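Subject: Handover of a structure and notes on it

Dear colleague,

Please find below the structure that I am handing over to you. My notes on it follow, and I would ask you to read them with the structure open.

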Amino acid sequence: MTPDKNLTCPQCNKSGYKSPAALKGHIRSKHPETPTPRELPATLSVKLPDKAEPGYHSINCPTCRQPATVYLKEDGTIASSSEIPKAPPTSGLSHHKHQIKRAAYPEVISARYKMRWNDAENRWKRTVCLSGTHGKTGVEIPWHEMGVDEFWMLNDCHGVIYIQPYIEKVSRWFQIHHRWRITRRTSRASADRVVQDHWEWLKQSKVPRIVMQRKFKEIPNSEEFPFREVCEMFIKGLLGRGAGYTQYYFTNTFSYMLAQIAYEKAKGIKDWERIELYGCELEQLESEFVRQRPGIEFWFGMLINMGVEIYVPESCFMLYPQVIGKLPTGQQVMVNAPGYTAYGYKSPSMEEARAEGQPLGTDPIEENVIGAWDDYEFIDHTYNLNEAIARVVHAHTLELFVPENDALNEFLEEFK
Amino acid sequence: MRILPETIKMTREITEALVKSGGRAADGGISLPFLGSMVFLAGNGHHVDIGSLYGASAIVAGLVKVQFNLEGTIYCIDPYNAEIRNATVRGGPELQGKVSATPEEFWKNVEQFGLKDRVKLIQKNSHPWPEELKDTVFASAYIDGEHTGDTPLNDFYNLRGRVTQYIGCDNYEESYPDVVAAMATGMQTDDWFLFYKNLSFVSLRRILPARTGDNAVSILQM
């Protein structure tokens, strides 16, 4: 490959410019009245062997004469950087090497086991795990834990990195959107960076049950969500509004999933006892999620009243009110405000109010009683976690090990 | 893992008592402090002991439960088939006591330590898994049954889905390659990993946080 130095100025016919940039610079400085040509002839011609295979080839850079590499396309021309095919992910090993094997801190998993266990009947509670895709708690989906009867997933999350490897564990998939939406050839990028066609995936899916608006002939495992039956069973004439009734109250797919659980329990199809919700945050920063939250809370209430336990991870935004905070960068973030779940709101705290010079009223002592029920069977989750961490820290105080190790060494000496 | 001084004291008492009564603890009881400390870490919940022989390992587990006020029963699985045990257990010249034991000797030792109500004996092989323990969930387990062939791996597979915290195993040493292979397999499953190893005792724990790599999680990130 050699440089073509014959670029010539169209105004003064001066030649020898070896790059369009050099020629443009000349035109701008010497002939400012002349508009700079939009496209100039290429300056470089590549001379590669006649039968060069497509792919990478070593050349000497025509400008700096240093060794360089170019990618030759099928048609024999040099590919621009955007045309060079992306290298496949090495061997896939890097993806599997760090596959998530645990979903939460061991103390939390241990507590979950206790909560999932039915002491009275010496068995696991009938538990269903519902999962969305939000990374905050989606990574906590308990794929490897015991005591979960079924995993239910939704929408096009089959490509999400912490869901894709475990799809065979999913027993039910909810895709309640309208057909015109789900037949669009778009989906979230999958873990192996191949964009999956959601509609195609639904058609070929091995998930045993795919719950949809109706049974679609293209999707063999699809089944119809019992919409009217559910509404008649749980809402019917109970939600009055204005001159009539609200006939249904489903604000997102999770609402349908929760309603399905209530339906199966009420009909005696399966006596669900516990629901665990992961990957569902509905951050109140986006209007879509503001619209979606009420339906979930509504069905939560319905299910609790039916004796079904609801569980969310510690950091989950559901079942908590939130306030909007701000990062130093100005970005808005959600912050859980647990104090607002009971009377004696924590915000502003007594300290904050005092600092602001607000009047404290006549009885500032009784600020908030949450967690003060020492005789309460169900220990406050924050207290429980703090206590667990305190135990861990205690167990790792090095001073404790000195006499213990001495005792152990003395014991082992006896076997020599 | 902290090796509790209490478990060392218990071990001395147990081995002494067993030797007096003509029995023995496996390897002179050298693994018992590790086992006892593991049972303590597992906390409340049942414990299952595969290969109970004279009951030393079951007794240390039971004593830990009692001393630290932990809930749970000690389930012992041992067919007490003297013919098979004599044929498969190699007794070295330094071995104190007989190779095989009887259920009567087991119960005598258990009763001596006041654990009759905390211990249950299932006089069967550990594989196939005893029907009466099919749905029982354990906080911890100890594998010290048959050390050869498929049995160690079958024991792990049988316990894998029934134990919530720790699986301990004895004879994790080169003399017993099948035991080593079984536990090495266990460590590489998705839900179990190596927790502790000392001499011939090894303990696996169910799922802990990744410490390195993309998914590493520290306490501060909980």
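In chain A, residue A:K236 lies in the loop between α7 (227-234) and β14 (240-241); helices (H or I, at least four residues) and strands (E, at least two) are DSSP runs, numbered from the N terminus. The model is a predicted one, in which local features need pLDDT of at least 70 and side-chain atom pairs count only at pLDDT 80 or more, while totals for chains, interfaces and linings use all residues. Residues are numbered from 1 along each chain as its sequence is written, chains are lettered from A and ligands numbered from 1 in the order in which they are written, and side-chain values use heavy atoms, with hydrogens and water left out.

**Backbone and loops**

Most residues other than glycine have a negative phi, and most peptide bonds are trans. A:K236 is not a glycine, yet it has a positive phi of about 20 degrees. Its relative accessibility is 52%, so A:K236 counts as exposed (buried means under 20% relative accessible area, exposed over 50%, partly exposed in between, with a 1.4 Å probe and protein chains only).

B:N69, also not a glycine, has a positive phi of about 55 degrees. This residue sits in the loop between α3 (56-67) and β2 (74-77) of chain B, and B:N69 is exposed because its relative accessible area is 68%.

Where is the cis peptide bond? It joins B:H127 and B:P128, with omega about 0 degrees. B:P128 belongs to the loop between β3 (119-122) and β4 (138-143) of chain B.

**The sheet of chain B**

Strands of a sheet pair through backbone hydrogen bonds, either parallel or antiparallel. In chain B, 7 strands form an open sheet with mixed pairing, in the order β3-β2-β1-β4-β5-β7-β6; two strands pair if DSSP finds at least two bridges between them. Its edge strands are β3 and β6 (192-198), each of which pairs on one side only. From one strand to the next, the twist averages 20 degrees.

Within chain B, β5 (residues 163-169) and β7 (residues 201-206) pair in the antiparallel sense over 4 bridges. B:G168 has B:S203 in β7(B) as its bridge partner. Helix α7 (residues 177-187) of chain B packs on the sheet and touches β4, β5, β6 and β7, its direction making about 20 degrees with that of β7(B). Axes here are lines fitted to C-alpha atoms, for helices over the stretch in contact, and angles run from 0 to 180 degrees between N-to-C directions; contact means heavy atoms within 4.5 Å.

α8(A) and helix α9 (residues 287-305) of chain A pack at an angle of about 15 degrees, with their axes 9 Å apart. α8(A) is therefore roughly parallel to α9(A) (angles under 35 degrees count as roughly parallel, over 145 as roughly antiparallel, 65 to 115 as roughly perpendicular and the rest as oblique). Residues of α8(A), including A:F254 and A:L258, meet residues of α9(A), among them A:W299 and A:L303.

A:E273 is found in the loop between α8 (253-267) and β16 (274-278) of chain A. Because its relative accessibility is 15%, A:E273 counts as buried. Beyond its neighbours within four places in sequence, its contacts include A:R123, A:W124 and A:V308.

Overall, chain A has 12 helices and 19 strands, and buried residues make up 38% of its 416 residues.

Yours sincerely
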